[in-house]
Amino acid sequence: MSGEGKTGEDEREEMAVVPPDAKAPDGGWGWVCVVGRFFIVALSAGLTSGFGIMYIEIINYFDTTRAETAWMSSLFGGMNCVGGLFGGAAIERYGCRAATVIGSILACAGFVISYFSPNIYLLCFAYGILVGSGFALMYVSSAVVVLQYFDKRRGLAMSISSLGDGVGMLVLPPLTYLLIETYSWRGAFLVTAGITLNAAVFGLLFKPPPYLNKASQKRSARRSVLRSFKQLLQNKLFFLFAFGSFLLHVGYTVPLIHLIDLVILKGVAKSQSTLLMSVMGTTSLVSIVIFGWISDLPNVSRIGLHSASIAVLGASVMAVPSLDTEVAFFVFAGIFGVFMGAWYMGQGVVVSQIVGVELTSIAFGVHSLHTGSGMFLSSILAGWLFDITGSYVLPFYISGCLYLCASLVTLIVLIARRRVPDHSQNHPVTRDSPSQM
C-alpha cells in the first residue's frame, strides 16, 4: 500500500491548499475509503439507535429518572460539538488517518470503562464524553476523506458509505438486545468495545488523495488551520445552514432514543419494539441508494432535496403521539427510515458544496459544533419533559416542530444561493459553481 510509513508531519503537509487545477480522482483508492466510512457510519448510527434499549436497562438497574439517564446520550451528542470541532483542526494538522485511529482507541476505552462503572455518573463520563469524543473524531475524518476523493460521483460515494447508517440500525439494535439478554448491559458494552476498535484498521487506510499529495510539495501555499477558519467565517450561508442543523439536532434523538420507551409504555412488547429500529435501517438502506443517485442528476438541487427530506421527517415525528397500534408504529418507522436516509446521505454533500473541498475538513468540525450542541440538549430535554408531564406527547411535538424549522432554514439557504452569488467561496473541485443551487 502506497503511503505506508508516513508520519503525522507528512500527512499534515499533504493537507495543504488545493491548487486551482486540482482534480479529485473520483474513484481509485477512494472506494477503499468509502468502505472504511461505511463501517464507521454503521457503528455510529447503530449505537445511537440501539441506545434506546440500553437506556431502559440503565434506568431500571440504577433506579434513575429519565432525565438523569438521558445525560449519557446528551453528553455523547455534545461531544460531537467539541470532538468534531477539534477533529476538524486535527485533520488539518495530522490528516484523516491519525484522527480516525485516535478516535477508535478513545471510544474503545470509553466502552471498557463503562463496563466497570458503579454508578450513573461514571457512565456519563465514560459513554458520554470518551465514547462521544471518539466517534466524533472518526465520523468527521471518514466523511472528509471520502469528500476529498470524489467530485462528480460525490453523491454516489457518500450514499454508498452512508448505507452503513441503515446497516447499523438494522443489525446493532437487535444485537444490543441479544447481548443484554445474554451478558447484561455491562457485557454488551464490553463486546461493543472490541467491535469499535476495528475502526482503527479502516482508519489506517485513509491516506490523502493524489492531488493533495502534489499540493503538499508547494510549501509556500500551505495554509494554517487559523487561515482556513478565517476563510470559513466569510461564508454566511454555511453558518445559516449550520444553524438549521442545530435546530434539527435538538429534536434529532427524540424519535431514535425515546421511541422504544414510548412504544413499550403503549403496551408493545420489548422484543417487538426493537424491530422498529431494524425497519428504519432497512428502509434507509434503500433510500440512501435511490436518493444518492437522484442527487447526482444534473438538474436536481441537492439542498432542495435535503430540505424536503427534513420536512417529511418533521411531519412524521409530530404524528407519533397519536399512534396506538403496532402496525402504525411500523409504518412510521418505514417512512422515517426512508427520509432519514435521504437526509443523512445529503449532509456531507451539502456542506462540501457550500464551502468547497478546500475548507471541507474545518467546515465539518464547525458543523459538528452546531449539531453536537443540538444533540446535547435533545435527549435530556425529552427526558426532563417526560418526567414533568408523564408522557412523550410534548417531546415528540417539539421535536417535529424543530425538524420543520430546520427545513425552512435550509430552504432559505437554497433561495439565497440562487439569488446572491457568494464570491467568498472557493470551489476548486466541486461540481457546482457558488451561484448554483
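The largest nonpolar core in this predicted model holds 107 residues. Inside that core, the residues with the most contacts are M72, F135, L259, M280 and F336. Helix α5, spanning residues 120–149, gives the most to this core, with 16 residues.

**Nonpolar cores**
- Setting aside neighbours within four places in sequence, F336 is in contact with P255, L256, M280, L313, S316, V317 and Y403.

**Helices α12 and α14**
- Helix α12 covers residues 270–295 and helix α14 covers residues 326–355; their axes come within 6 Å and cross at roughly 35 degrees.
- This crossing of α12 and α14 is right-handed.
- Sorted by class, the residues of the contact between α12 and α14 are 15 nonpolar, nine polar and one charged.

- S287 counts as buried because its relative accessibility is 3%, below the 20% cut-off.
- The side chain of S287 reaches the backbone oxygen of S284 at 3.1 Å.
- Not counting residues up to four places away in sequence, S287 touches G292, G337, V338, G341 and A342.

**Helices α5 and α15**
- Helix α15 runs over residues 360–389 and packs against α5 at an angle of about 145 degrees, with the two axes 9 Å apart.
- The crossing of α5 and α15 is right-handed.
- On the α5 side, the contact is made by Y139, V140, A143, V144 and L147; on the α15 side, the residues are T360, S361, F364, G365 and S368.
- The contact of α5 with α15 has six nonpolar, four polar and no charged residues.

**R417 in helix α16**
- R417 is found in α16, which spans residues 393–419.
- R417 is buried because its relative accessible area is 0%, again under the 20% cut-off.
- The C-alpha atoms of R417 and I303 are 9.9 Å apart, although 114 residues separate the two along the chain.

Terms used. Residues are numbered from 1 along each chain as its sequence is written. This is a predicted model: local features need pLDDT of at least 70, side-chain atom pairs count only at pLDDT 80 or more; totals for chains, interfaces and linings use all residues. Side-chain values use heavy atoms; hydrogens and water are left out. Axes are lines fitted to C-alpha atoms, for helices over the stretch in contact, and angles run from 0 to 180 degrees between N-to-C directions. Helices (H or I, at least four residues) and strands (E, at least two) are DSSP runs, numbered from the N terminus. A crossing is left-handed if the near helix is turned anticlockwise from the far one by less than a right angle, and right-handed if clockwise. Ala, Val, Leu, Ile, Met, Phe, Trp, Tyr, Cys and Pro count as nonpolar, Asp, Glu, Lys and Arg as charged, and the others, Gly among them, as polar. A nonpolar core is a set of buried Ala, Val, Leu, Ile, Met, Phe, Trp, Tyr and Cys residues joined through side-chain atoms within 4.5 Å. Buried means under 20% relative accessible area, exposed over 50%, partly exposed in between (1.4 Å probe, protein chains only). Contact means heavy atoms within 4.5 Å. A polar contact is a pair of N or O atoms within 3.5 Å; within protein, one must be able to donate a hydrogen and the other to accept it, and residues adjacent in sequence count only if both atoms are side-chain atoms.
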